[in-house]
Amino acid sequence: MAKRAFITGITGQDGSYLAELLLLKGYEVHGLIRRASTFNTSRIDHLYVDPHEAEVKLFLHYGDMSDGARMMGLLSQIQPDEVYNLAAQSHVRVSFDEPIHTGNTTGIGSARLLEAVRTIGLGTRFYQASSSEMFGGTPPPQNEETPFYPRSPYGAAKVYSYWMTRNYREAYGMYAVNGILFNHESPRRGATFVTRKITRAVAAILAGKQQDLFLGNLDAVRDWGYAAEYVEGMWRMLQADSSDDYVLATGRAFSVRDFLEFAFDHAGLDWRRHVHFDERYLRPTEVDALVGDASKAKELLDWSASVTSPELAGIMVDADVAALASSDGKWIDKVSLNTWVSTPAWDIQQ
Ligand code: NAP
Ligand code: F7E
């Protein structure tokens with residue numbers, strides 16, 4: 001019998017890579033998607049199979065992290081072996097604008113799902129997408145023993161989900177793990193996270209569609225890995241003999257300025273001629289430095305990251321240049337030019 005997995009956040013960056021990985025491993029994959037007035041499945045459209053032509057292994061279900069009754073109903077119906085909770089309002093800057101919504105989805109949403117898993121009582125294994133943002137103000141290197149000091153509503157919501165996951169493990173003996181993942185990026189990264197904002201700008205500047213890129217704090221230090229490698233780590237956490245919490249990271253530290261250098265250099269451009277400061281991209285409280293120590297995952301899961309930030313910047317620039325070229329330059333017209341460059345047309349700070 002094929003294993004059955006349920007993924008929340010399947011339309012996101014990580015959800016799309018995880019769905020690919022699990023399908024390759026022979027799983028039947030079920031994903032939760034939000035009903036939207038526009039299509040939000042572009043990252044998983046390539047996995048669609050026409051049920052008239054082949055056996056379907058990927059099923060999508062409407063639902064929302066704010067709707068616990070729906071989760072209960074879905075899990076009773078699907079009866080998954082593994083649940084991956086990846087859904088979240090995942091943008092740190094946006095969480096300052098929407099703290100209550102972020103708490104409801106990124107925080108209490110996990111509790112709704114844990115409660116549904118506990119109630120169906122089938123021994124389902126549970127993965128929680130915890131984040132290095134939980135460490136926030138605690139200086140690096142950070143590992144599983146590092147104290148939390150969240151510096152945003154997003155970080156605080158993730159700390160709540162982390163402890164709920166541990167509590168369900170300890171109170172009810174559930175197989176429930178926290179993957180504490182440091183920043184991981186890819187050509188599928190959301191366009192308003194700093195790495196993708198930079199690599200898309202590089203492609204647009206090369207194509208002569210854009211001249212300026214507006215950014216906030218260039219001194220922030222992050223440990224950027226490649227998302228496609230991190231989903232393998234998630235899966236391994238659910239295959240271990242017992243449940244535990246693990247950090248996934250590259251262990252390498254780079255600033256936003258360094259990433260700019262890698263991305264612009266890769267395209268033969270000088271970032272200093274294009275990048276400008278805009279205070280609207282600063283956060284009320286910043287996380288200065290996140291650098292992970294993933295030695296526990298190496299030792300117990302045999303997982304380690306092989307792609308580091310300089311290489312990742314190249315992968316992302318190449319993908320954005322190719323995407324722009326393959327759409328014959330028309331992509332820039334899909335939305336107003338201002339939404340693609342760094343100055344939003346409306347006053348949303350991201
Ligand atoms: P992402 O691209 O922003 O994807 C988030 C997913 O959550 C999307 O599928 C989104 O659906 C869904 N979602 C948001 N609100 C929802 C709601 N109320 N109900 C149902 N679904 C909802 O995030 P990601 O980068 O793939 O990250 C995956 C998870 O890992 C997130 O929980 C994130 O917080 C966490 N994390 C990420 C990183 C990182 O560096 N990427 C690091 C540590 C932890 P739509 O497509 O409809 O918006
Ligand atoms: O910011 C600085 C910004 O938004 C990185 C999420 O996946 O990783 C992500 O959170 C740094 C910050 O990611 C701009 O101030 C400068 O210091 O790409 P980001 P993040 O906040 O680290 C963690 C691990 C998660 O869990 C989250 O879900 O870059 N920065 N200028 C900027 N950031 C943005 N977005 N835009 C700028 O213009």
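**Close-up 1. Trp-303 and Tyr-230 in this predicted model.** Trp-303 is buried, at 3% relative accessibility. Tyr-230 belongs to helix 7, whereas Trp-303 sits in the loop between helix 9 and helix 10 (309-326). The pair therefore ties together parts that are 73 residues apart in sequence.

**Close-up 2. Phe-148 and Tyr-162, one of nine aromatic pairs in the whole structure.** The ring centres of Phe-148 and Tyr-162 are 4.8 Å apart. Their planes meet at 85 degrees, so this pair is edge-to-face. Phe-148 comes from the loop between strand 5 (125-131) and helix 5, and Tyr-162 from helix 5 itself. The two residues are 14 residues apart, and the pair links distant parts of the chain. Phe-148 is partly exposed, with a relative accessible area of 22%. Tyr-162 is buried, with a value of 3%. Both rings belong to one aromatic cluster, together with Phe-135, Trp-163 and Phe-182.

**Close-up 3. A salt bridge between Arg-169 and Asp-245.** The side chains meet at 2.9 Å, N to O. Arg-169 lies in helix 5 (residues 153-172), and Asp-245 lies in strand 11 (residues 245-248). The contact therefore ties together parts that are 76 residues apart in sequence. Both ends are shielded: Arg-169 is buried, with a relative accessible area of 13%, and Asp-245 is buried, with 4%. The bridge is also part of a network of salt bridges that links Arg-166, Arg-169, Glu-170 and Asp-245. In total, the structure counts 20 salt bridges.

**Close-up 4. Two further salt bridges, Glu-185 with Arg-189 and Asp-244 with Lys-296.** Side chains of opposite charge can pair when their charged atoms come close. In the bridge between Glu-185 and Arg-189, the closest N and O atoms are 2.7 Å apart. Glu-185 and Arg-189 are both buried. Asp-244 and Lys-296 meet at 3.0 Å, N to O. Asp-244 lies in the loop between helix 7 (227-239) and strand 11, and Lys-296 lies in helix 9 (residues 295-301), so this pair ties together parts that are 52 residues apart in sequence. Asp-244 is partly exposed, with a relative accessible area of 26%.

**Close-up 5. Helix 6, residues 194-206.** This helix has 13 residues. From first C-alpha to last, helix 6 reaches 18 Å, close to the 18 Å expected at 1.5 Å a residue. Of the 13 residues, 11 are buried, so helix 6 is largely enclosed by the rest of the structure. Just after helix 6, Gly-208 takes a positive phi of about 75 degrees.

**Close-up 6. Lys-25 and Arg-118 over aromatic rings.** Lys-25 lies over the face of Trp-235, at 3.8 Å from the ring centre. Arg-118 lies over the face of Tyr-172, at 4.6 Å from the ring centre.

Terms used. Residues are numbered from 1 along each chain as its sequence is written. Chains are lettered from A and ligands numbered from 1 in the order in which they are written. This is a predicted model: local features need pLDDT of at least 70, side-chain atom pairs count only at pLDDT 80 or more; totals for chains, interfaces and linings use all residues. Side-chain values use heavy atoms; hydrogens and water are left out. Helices (H or I, at least four residues) and strands (E, at least two) are DSSP runs, numbered from the N terminus. The expected span of a helix is 1.5 Å times one less than its number of residues. Buried means under 20% relative accessible area, exposed over 50%, partly exposed in between (1.4 Å probe, protein chains only). A salt bridge is a side-chain nitrogen of Lys or Arg within 4 Å of a carboxyl oxygen of Asp or Glu. Rings of Phe, Tyr and Trp (its six-membered ring) pair if their centres lie within 6.5 Å; planes under 30 degrees apart count as stacked, over 60 as edge-to-face and the rest as tilted. A charge sits over a ring if NZ of Lys or CZ of Arg is within 6 Å of the ring centre and within 35 degrees of the ring normal.
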